[in-house]
Number of protein chains: 2
Amino acid sequence: MDIGGHILRPFEEGLQALNMALQEMGALVAQAVHRSVQSLVEKNEDYAHQVIRDESRIDQLEIQIDDLATSLIAREQPMAGDMRFVVTAIKINTDLERMGDLSVNIVERSLSLMRQPEVAGAFSFTEIANVVESMVLGSLESFVMRDAQKARAILDSDDQVDRMRNAIGQQMIALMQSDPSYIQRALDHIFIARSLERIADHATNVAEDVIFMVQGIDVRHPATRA
Amino acid sequence: MDIGGHILRPFEEGLQALNMALQEMGALVAQAVHRSVQSLVEKNEDYAHQVIRDESRIDQLEIQIDDLATSLIAREQPMAGDMRFVVTAIKINTDLERMGDLSVNIVERSLSLMRQPEVAGAFSFTEIANVVESMVLGSLESFVMRDAQKARAILDSDDQVDRMRNAIGQQMIALMQSDPSYIQRALDHIFIARSLERIADHATNVAEDVIFMVQGIDVRHPATRA
């Protein structure tokens, strides 16, 4: 392969293809998360259908990235640092695809909510969604830039998301108890909050994998390392 | 390393350590799933606390298996078939750890349910739990035996679990609507059913990875391959 006068070795060529596929995947998934929340906040059906439509491209990319990564390892047998990058790509790939699935779950609930009367009160997903979105973007950036410090910042946001999700859950349970006609809508809200929390968990997984890749330190399950 | 008079090469030695760790992990996770359901069905607090206690060992094993697999790839640079096995081990490892987490989620809800009056009616998790448990065991067996046919049988059960989960959801919504005092208990049931469904999804992931490992065919997302 000849790019701008530079001849790439097969390994670099494979790595470049892997990087490009991962960046397309990351951009699509970040967009899906963003649109799923916008479909909810703005009651926008178009966004919802775009998220559903993009899912098959995300699924294709998942397969393609696994193929690229495994054949790169098998054919080129990369050295330690590159190997860690390719193995991390395989792990992150799974997390990204799940984030795409969860965005589809969110828009399904969002479409359901659009068909029902609005829930009274000043309830909004904007705050939790902003934190989750910035975790997704930050985790992807930390991988592309191989930036462990940026990855560590993601870990701090995870507890915040858990707290916000619990607050939404309590609020919705109180609402259902006060008026059973809210049950379906309140359940939709609870599941959306849960899906956002799970997207944040996947972003946290990505960040942990990046820290391991860059520093060779495993930060998962700190309690078990004592 | 000398086992029964046979001298193992470093690669075989590493593979054996990886296999042993994976089998311990698989056994612990299958047990966690089983006990989480038993804690629920039999209202058994001891089972619940065992599941919570075993989580840290599962977390340790996840780290250990990743370390074993990545250092095996880096040091020994296995050939195609072995490489596929080791990469599959890394993917399956993640699914197993999540199944362990979900078992903990189930027992947390199970402990919550033990503190509340029983839900009226002949409701039982036994049926869905039996299907999910046999999916978990079957997927692990298919990996250990490298048996793609067994793995394919797992995929068929996944839709069945989705249907059972939806039925439980509808039943619980009707219950909440009929009597708001059931809301917390009904939510606990909905989340348990959802956790069981997610365990089944992870077993399905394992089965798909086994099919890919054995046959080199990717069966994920069939719609996107047309």
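Analyst: Leaving aside neighbours within four places in sequence, B:Val51 is in contact with B:Ala32, B:Arg35, B:Ser36, B:Ser39, B:Ser103, B:Val104 and B:Val107, where contact means that the C-beta atoms, placed from the backbone, lie within 7 Å. This is a predicted model, in which local features need pLDDT of at least 70 and side-chain atom pairs count only at pLDDT 80 or more, whereas totals for chains, interfaces and linings use all residues. Residues are numbered from 1 along each chain as its sequence is written, and chains are lettered from A and ligands numbered from 1 in the order in which they are written.

B:Val51 belongs to helix H2 (residues 45–76) of chain B, helices being DSSP runs of H or I with at least four residues, numbered from the N terminus. B:Val51 is buried, with 28 other C-beta atoms within 10 Å; the term requires 20 or more such atoms within that distance.

Elsewhere in chain B, helix H4 (residues 126–144) and helix H5 (residues 148–178) pack at an angle of about 160 degrees, with their axes 9 Å apart; axes are lines fitted to C-alpha atoms over the stretch in contact, and angles run from 0 to 180 degrees between N-to-C directions. H4(B) is therefore roughly antiparallel to H5(B), a term for angles over 145 degrees.

As for the chains, chain B can be laid on chain A with an RMSD of 0.0 Å by a turn of 180 degrees and a shift of 0.0 Å along the axis, superposed by least squares on the C-alpha atoms of residues with pLDDT of at least 70 in both. That is the relation of a two-fold axis.

Methods. Helices (H or I, at least four residues) and strands (E, at least two) are DSSP runs, numbered from the N terminus. Angles under 35 degrees count as roughly parallel, over 145 as roughly antiparallel, 65 to 115 as roughly perpendicular and the rest as oblique. A residue is buried if 20 or more other C-beta atoms lie within 10 Å of its own, exposed if 12 or fewer, and partly exposed in between; C-beta atoms are placed from the backbone. Two residues are in contact if their C-beta atoms, placed from the backbone, lie within 7 Å.
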